Amino acid sequence: RFNWSELVPLRLWGRTLGLQTERSQFLLEGMPFRIFGGSVHYFRVPREYWEDRMLKMKACGLNTLTTYVPWNLHERDRGKFDFSRNLDLRAFLSLAAQNGLWVILRPGPYICSEWDLGGLPSWLLQDPEMQLRTTYKGFTEAVDAYFDHLMPIVVPLQARGPIIAVQVENEYGSYAKDSNYMAYVKTALLNRGIVEMLMTSDNKNGLSYGLVEGALATVNFQKLEPGLLKHLDSVQRDQPKMVMEYWTGWFDNWGGPHYVFDADEMVNTVASVLKLGASINLYMFHGGTNFGFMNGALEADEYKSDVTSYDYDAVLTEAGDYTSKFFKLRQLFSMVIGQPLPLPPVIESKASYGAILLHQYISLWDVIPPLLQPIKSEFPINMENLHLNDSSGQSYGYVLYEVVIFGGGHLHSRNHVRDRAQVFVNTMYVGELDYNTVELSLPEGQGFRQLRLLVENRGRVNYGLALNEQRKGLIGDVFLNNTPLRNFKIYSLELKPAFMKSLQHVSGWSAVPDYFVGPAFFRGRLWIEHQPQDTFLKLQASPLFSPVQEGWEKGVVFVNGQNLGRYWKIGPQETLYLPGPWLRKGSNEIVIFEERTAGRIIQSVDIPYLGRTQYVD
């Protein structure tokens with residue numbers, strides 16, 4: 001039984017000892033302590049809901065919040081830092097303290113997290129020699145500049161705030177390309193004023209390769225294999241055992257199932273970990289959403305990009321609602337703590353606003369001349385090396401490559417498309433090129449014609465040994481009849497807020513015809529009479545309007561300028577989460593960029609559908 005009611009940040013303001021280890025237990029300010037943690041990422045949750053998720057953590061019996069810090073959001077362009085609005089880390093950590101939660105901060109620089117390039121900014125890849133996650137000078141100089149801005153925000157929130165531990169990098173044992181790297185990251189933290197306990201975090205196989213002297217090793221897993229925690233003991237003797245990531249569910253890839261992890265099996269494993277006297281962090285307590293283009297990808301046997309939802313089958317749903325896991329864990333933790341827990345906050349109801357008509361459209365080909373300036377280049381240029389954004393290149397979205405051809409024939413990508421290209425001759429769709437399809441036949445025709453490749457960055461790989469190879473767009477030559485194409489016009493389609501705003505005022509919007517093939521932008525309005533609530537947008541075929549129309553196929557949805565993320569008819573995800581705070585009373589503008597076949601309506605529904613489920617093995 002532990003009574004931790006006195007061990008909360010606001011009562012231990014200005015503490016002197018912090019979190020320590022004494023043989024096999026943690027001490028907090030000299031008192032026995034166990035970490036009952038949960039992961040919530042501020043960058044995946046609307047700021048208006050941060051406190052709600054924290055109150056639900058407290059009601060579940062947790063005492064510690066863990067969060068990653070995504071470098072690629074805080075420094076989107078090299079040298080320009082953003083810690084405002086939904087990226088206000090200081091506000092998030094201070095709110096945790098006010099709500100009685102300690103914090104384990106995981107500042108990276110690499111975070112994995114099913115997040116584009118594991119949180120590393122894509123402009124690092126402008127350097128053809130870049131060696132990410134090593135002591136390569138180009139990498140450490142960038143990390144140092146980032147930490148110089150990040151650490152002054154978090155350092156004051158140690159003794160006079162909620163931070164009790166800081167993680168050194170993340171799962172480096174699974175990468176382990178540079179034996180000096182972990183010591184470099186540790187020193188970078190210490191030199192900038194980090195004084196709290198340092199930890200590392202690895203899965204079983206990487207455990208012994210990810211250690212660094214002076215940091216407590218912790219382990220990540222979902223199934224408690226026999227001897228797993230003893231293995232942790234063999235790596236570091238006589239130290240408290242901590243599970244930094246107990247995976248409460250799993251993430252989904254486009255084209256696969258929606259993974260779920262059995263609630264009883266999960267709770268039984270947590271109970272077993274607690275019986276062994278270990279501390280635990282639930283990854284995720286609440287997953288949230290990969291809004292915009294920020295999803296990561298896997299590259300094992302083949303490239304698979306992650307879906308927009310980061311529901312994760314976690315303890316709370318993507319929209320922050322309770323699951324059976326929440327109530328089972330609450331019961332378990334309340335028995336261990338032996339104290340009454342706060343009542344769970346009331347759930348916010350969800351809205352079903354019904355059918356929304358997309359009444360106007362404009363073809364991408366009509367948008368390019370007034371809004372986009374081409375970059376002219378003899379050779380194809382990958383996305384990151386385009387001269388844009390104060391020389392930081394393009395990070396996300398699409399790139400359109402145009403080249404003049406004479407005649408048709410055999411088009412071959414030599415596997416230089418990253419990740420998926422729609423191919424057009426003038427405005428006629430010819431086919432797609434990707435990892436599996438590397439050649440197409442182009443129809444013969446009279447005179448000179450425009451060959452257009454609209455290339456989508458579907459998300460950079462976030463885990464494994466291929467991080468240095470994550471450049472996007474065309475990463476090399478494309479051949480027509482064995483001759484490399486030359487003299488490109490290249491258009492950046494990052495779909496940033498300024499572009500989306502200018503799109504509203506461009507001339508050429510017209511009524512949507514019965515049948516239309518993209519790429520094109522579509523717009524409509526959602527009218528809300530009362531206080532807006534969370535809802536889910538379902539993109540589906542609309543036989544009511546046109547029996548021949550197949551419905552929405554693949555693209556991106558924007559609401560009032562906010563990028564909700566990608567949809568794709570191959571699933572599993574069928575609804576996009578639309579947070580109430582992003583809506584307003586009255587008129588709300590919805591813009592959809594559809595790559596291929598468009599519908600006429602989308603549905604606002606009050607229940608998410610994340611796809612056909614499959615239990616995690």
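About 490 Å³ of space lies in the second largest pocket of this predicted model. Of the 22 residues lining that pocket, Glu114, Trp250, Phe251, Leu298 and Tyr463 are the closest to its centre.

- Strand S10 (242-247) and strand S13 (297-299) each give at least two residues to the lining of the second largest pocket.
- Sorted by class, this lining holds 11 nonpolar, 4 polar and 7 charged residues.

**The largest pocket**
- The largest pocket has a volume of about 1100 Å³.
- Its lining counts 36 residues, and those closest to the centre are Leu73, Arg76, Leu87, Pro497 and Gln562.
- Helix H10 (497-505) and strand S32 (562-568) each supply at least two of the lining residues of the largest pocket.
- By class, the lining of the largest pocket is made of 16 nonpolar, 10 polar and 10 charged residues.

**The enclosed space**
- Rolling a probe the size of a water molecule over the atoms shows where empty space is left.
- For cavities of 30 Å³ or more, the count comes to 1.
- The largest cavity has a volume of about 40 Å³.

**Salt bridges**
- The model has 30 salt bridges.
- In one of them, the side chains of Lys328 and Asp264 meet with N and O 2.8 Å apart. Lys328 sits in helix H8 (residues 324-337) and Asp264 in helix H7 (residues 263-275), so this pair ties together parts that are 64 residues apart in sequence.
- Is Lys328 buried, partly exposed or exposed? Lys328 is partly exposed, because its relative accessible area is 30%, and Asp264 also counts as partly exposed, at 41%.
- Lys350 forms a salt bridge with Asp321, and their closest N and O atoms are 2.9 Å apart. Lys350 belongs to the loop between H8 and strand S15 (354-363), while Asp321 belongs to the loop between strand S14 (303-305) and H8, so the pair links parts that are 29 residues apart in sequence.
- Both Lys350 and Asp321 are buried.
- Asp477 pairs with Arg486 in a salt bridge, with the closest N and O atoms 2.8 Å apart. Asp477 counts as partly exposed at 21% relative accessibility, and Arg486 is partly exposed at 25%.
- Salt bridges with shared partners join Arg420, Glu432, Glu456, Lys554, Arg566 and Glu595 into one network.

**On the surface and inside**
- Val404, Phe406 and Phe448 form a nonpolar patch on the surface, and together they have about 390 Å² of accessible area.
- Val404 lies in strand S17 (residues 398-406). Why does Val404 count as exposed? Its relative accessible area is 51%, and the cut-off for exposed is over 50%.
- Ser604, in strand S35 (residues 601-605), counts as buried because its relative accessibility is 1%.
- Ser604 and Ala355 are 249 residues apart in sequence, but their C-alpha atoms are 6.3 Å apart in space.

**Backbone details to look for**
- A cis peptide bond joins Gly108 and Pro109, with omega at about 20°. Pro109 is in the loop between strand S6 (102-106) and helix H4 (137-154).
- Another cis peptide bond joins Arg418 and Asp419, with omega at about 15°. Asp419 is in the loop between strand S19 (417-418) and strand S20 (420-425).
- Glu171 has phi near 50°, a positive value in a residue other than glycine. You can find Glu171 in the loop between strand S7 (163-167) and helix H5 (181-191), and Glu171 is buried, with a relative accessible area of 8%.
- Asn389, too, is a residue other than glycine with a positive phi, near 50°. Asn389 is in the loop between strand S16 (375-377) and S17, and counts as partly exposed at 22% relative accessibility.

Definitions and conventions
Residues are numbered from 1 along each chain as its sequence is written. This is a predicted model: local features need pLDDT of at least 70, side-chain atom pairs count only at pLDDT 80 or more; totals for chains, interfaces and linings use all residues. Side-chain values use heavy atoms; hydrogens and water are left out. On a 1 Å grid over the protein atoms alone, a cavity is a set of points where a 1.4 Å probe fits but cannot get out, and a pocket is an open set with protein on both sides within 12 Å along at least five of seven lines; lining residues have an atom within 4 Å of a point. Grid points are joined across faces, edges and corners, and a volume is the space filled by probe spheres set on the points. Helices (H or I, at least four residues) and strands (E, at least two) are DSSP runs, numbered from the N terminus. Ala, Val, Leu, Ile, Met, Phe, Trp, Tyr, Cys and Pro count as nonpolar, Asp, Glu, Lys and Arg as charged, and the others, Gly among them, as polar. Patches are made of residues with over 30% relative accessible area and no salt bridge: like charges are joined within 9 Å, nonpolar side chains (Val, Leu, Ile, Met, Phe, Trp, Tyr) within 5 Å. Accessible areas come from the Shrake-Rupley method with a 1.4 Å probe; for residues, only the protein chains shown count as cover. A salt bridge is a side-chain nitrogen of Lys or Arg within 4 Å of a carboxyl oxygen of Asp or Glu. Buried means under 20% relative accessible area, exposed over 50%, partly exposed in between (1.4 Å probe, protein chains only).
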